[in-house]
Amino acid sequence: MLYICCSMVFVIFMILLGIPIMYSFFAAIFLMVYLLGYSPSFLLSYGYDVINAVVLLCVPLYVCVGAIMSKSNIGAALVDFVDLFVGRIRGGLGIVAVVASAIFGSISGSAAATLTCIGSIMIPKMIDKGYPRGHVAALLTNACPLGLLIPPSASMIVYAWVSRQSILACFLATVLPGIVLVIMLSIVNVALLKNNENVIVKEKLAEKEFWIQVRTRGRFSIPAFIMPVIVLGGTYGGIFTPTEAAAVAVFYAIPVGWFVYKGLNYRILYETFVSTASTTGVVMIMCFGIMIFSRILVMQDLPGIITELLKKVSSNPYVVLLFVNILLLVLGMIMDDISAMLLTVPILVPITSAFGISPIHLAAIVGVNLGLGLITPPCAPMLYLGLRISGVNLSEIIGPTMKFILFAWVPTLICVTYFPRLSLWLPGVILGW
């Protein structure tokens with residue numbers, strides 16, 4: 001147990017020093033091999049066997065889809081159509097931003113791609129309409145992790161792979177939590193802007209003009225809306241596997257982005273493929289290293305040790321879930337979502353199962369926690385990306401961000417944690433559990 005604690009402290013210390021997560025875990029693996037005497041050949045062969053999985057093909061395919069959508073005009077079509085229905089509400093453009101982030105995130109599965117694409121479209125529009133710059137940046141930053149919850153989500157694919165659960169069940173478990181978070185972010189956005197007279201409200205269109213705009217923008221946005229119908233409908237309808245759906249999404253996005261929305265060309269497509277290959281290489285090497293590290297912790301019976309400690313504290317599942325949330329939130333603050341998931345899921349699944357907590361329920365809890373970690377300091381990669389995209393100072397964004405976290409993210413996390421039906425009802429209905 002002493003060696004495990006030393007290795008965990010070593011990893012966290014290196015990450016806090018600014019050393020890349022991948023190198024931090026490999027250094028910890030070398031330390032553990034030296035201290036515990038494990039065979040390197042055994043660990044290397046285990047790491048290869050783990051990442052030699054067809055399901056992981058989804059990761060580069062969804063990364064590619066997200067990059068293509070962020071560089072074409074697919075996101076703009078979605079935004080313009082949704083704006084017709086809520087643009088007359090004070091804070092309505094904020095609702096448009098949240099809904100567009102949810103739709104775009106559900107297709108791309110990437111928080112960074114969502115923030116880059118929707119942020120570049122919505123931030124200038126909202127600032128022109130009198131929205132406070134800090135509020136705009138905070139709202140987009142808080143909305144971008146919706147892609148982790150509303151499927152198809154690369155993070156849930158990784159969760160299903162690590163925990164050996166159904167990908168479709170993990171997808172379905174996060175749908176309602178994602179919708180709840182959309183509603184909560186929209187409500188908090190409107191509440192914060194209720195008395196802000198600087199926000200310009202869109203004038204109401206005459207009924208005839210409104211329906212003309214609905215038809216015009218609706219026709220233009222149809223190709224963009226068809227993508228989630230194909231991907232989600234094909235997956236849930238049993239037509240495609242999640243991997244096949246990801247491939248279909250890529251082959252659909254390229255001609256739509258090129259010929260319909262005219263945002264792609266040969267140079268952009270080449271850059272997209274290069275960035276996808278680079279990102280995939282980093283993710284795969286990171287998966288390789290962290291899964292080996294997790295395997296060492298499991299062989300040292302860390303799940304059993306933690307389970308016994310928790311049983312001594314309390315056998316109440318709600319108390320156990322409180323500790324799980326604290327652990328995930330802390331790790332989410334210092335690691336990216338994939339790294340934290342790869343490290344914790346092999347340990348948490350047997351622990352929570354011992355207390356009667358479903359792995360599918362845990363999938364939703366992990367998804368919300370790690371999405372929250374993306375925007376919670378000190379690491380908060382999406383918070384810093386939002387700063388770069390919006391050009392605001394940290395002092396401007398931190399106040400509104402904390403309000404969205406406290407009044408939107410935290411209530412959603414409480415609901416997901418302590419009302420299991422929120423995450424288990426839809427898998428039960430569709431999969432017949």
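Reader: Which hand does the crossing of α19 and α21 have?
Author: In this predicted model, the crossing of α19 and α21 is left-handed.

Reader: At what angle do those two helices, α19 and α21, pack, and how far apart are their axes?
Author: Helix α19, residues 359-373, packs on helix α21, residues 394-418, at an angle of about 165°. Their axes are 9 Å apart. That angle makes α19 roughly antiparallel to α21, because angles over 145 degrees count as such.

Reader: Which residues of α19 and α21 meet there?
Author: From α19, the residues are H361, A364, I365, V368, N369, G371 and L372. Their partners in α21 are I405, W409, L413, V416 and T417. By class, this contact of α19 with α21 has 8 nonpolar and 4 polar residues, with no charged ones.

Reader: How does α18 pack with α19, in angle and axis distance?
Author: The angle between α18 and α19 is about 145°, and their axes lie 11 Å apart. This crossing of α18 and α19 is right-handed.

Reader: And which residues make that contact?
Author: On the α18 side they are D337, A340, M341, L348, V349, T352 and S353. On the α19 side they are P359, L362, V366 and L370. The contact of α18 with α19 has 8 nonpolar, 2 polar and 1 charged residues.

Reader: Where is G356 placed, and is G356 buried or exposed?
Author: G356 sits in the loop between α18, residues 337-354, and α19. G356 counts as exposed because its relative accessibility is 66%, and the cut-off for exposed is over 50%. G356 and P317 are 39 residues apart in sequence, yet their C-alpha atoms are 7.4 Å apart in space.

Reader: Turning to α20, which of its residues are buried?
Author: In helix α20, residues 381-390, the buried residues are M382, L383, L385, G386, L387 and S390. They pack against α7 (111-128), α8 (133-143) and α21. Just after α20, G391 takes a positive phi of about 75°.

Reader: What is the phi of R164, and what is the phi of K262?
Author: Phi of R164 is near 60°, a positive value in a residue other than glycine. Phi of K262 is near 55°, also positive in a residue other than glycine. Most residues other than glycine have a negative phi.

Reader: Where do R164 and K262 lie?
Author: R164 is in the loop between α10 (154-163) and α11 (167-173). K262 is in the loop between α14 (242-260) and α15 (266-299). R164 is exposed, with a relative accessible area of 74%, and K262 counts as exposed at 62%.

Reader: What about the largest nonpolar core: how many residues has it, and which have the most contacts inside it?
Author: The largest nonpolar core has 141 residues. Those with the most contacts inside it are M122, M126, Y159, W161, L185, F293 and L342. Helix α15 contributes the largest share of this core, 13 residues.

Reader: Finally, where is L205, and what does L205 touch?
Author: L205 lies in the loop between α12 (175-193) and α13 (207-236). Not counting residues up to four places away in sequence, L205 touches L84, R88, F210 and Q213. At 30% relative accessibility, L205 counts as partly exposed.

Reader: What separates the C-alpha atoms of L205 and Y318?
Author: The C-alpha atoms of L205 and Y318 are separated by 50 Å, and the two residues are 113 residues apart along the chain.

Methods. Residues numbered from 1 in each chain as written. Predicted model: local features only at pLDDT ≥ 70, side-chain atom pairs only at ≥ 80, totals over all residues. Heavy atoms only, no water. Axes fitted to C-alpha atoms, helices over the stretch in contact; angles between N-to-C directions. Helix = DSSP H or I, 4+ residues; strand = E, 2+ residues; numbered from the N terminus. Parallel < 35°, antiparallel > 145°, perpendicular 65-115°, else oblique. Left-handed = near helix turned anticlockwise from the far one by under 90°. Contact = heavy atoms within 4.5 Å. Nonpolar A, V, L, I, M, F, W, Y, C, P; charged D, E, K, R; others polar. Buried < 20%, exposed > 50% of the residue type's maximum accessible area, 1.4 Å probe, protein only. Core = buried A, V, L, I, M, F, W, Y, C linked by side-chain atoms within 4.5 Å.
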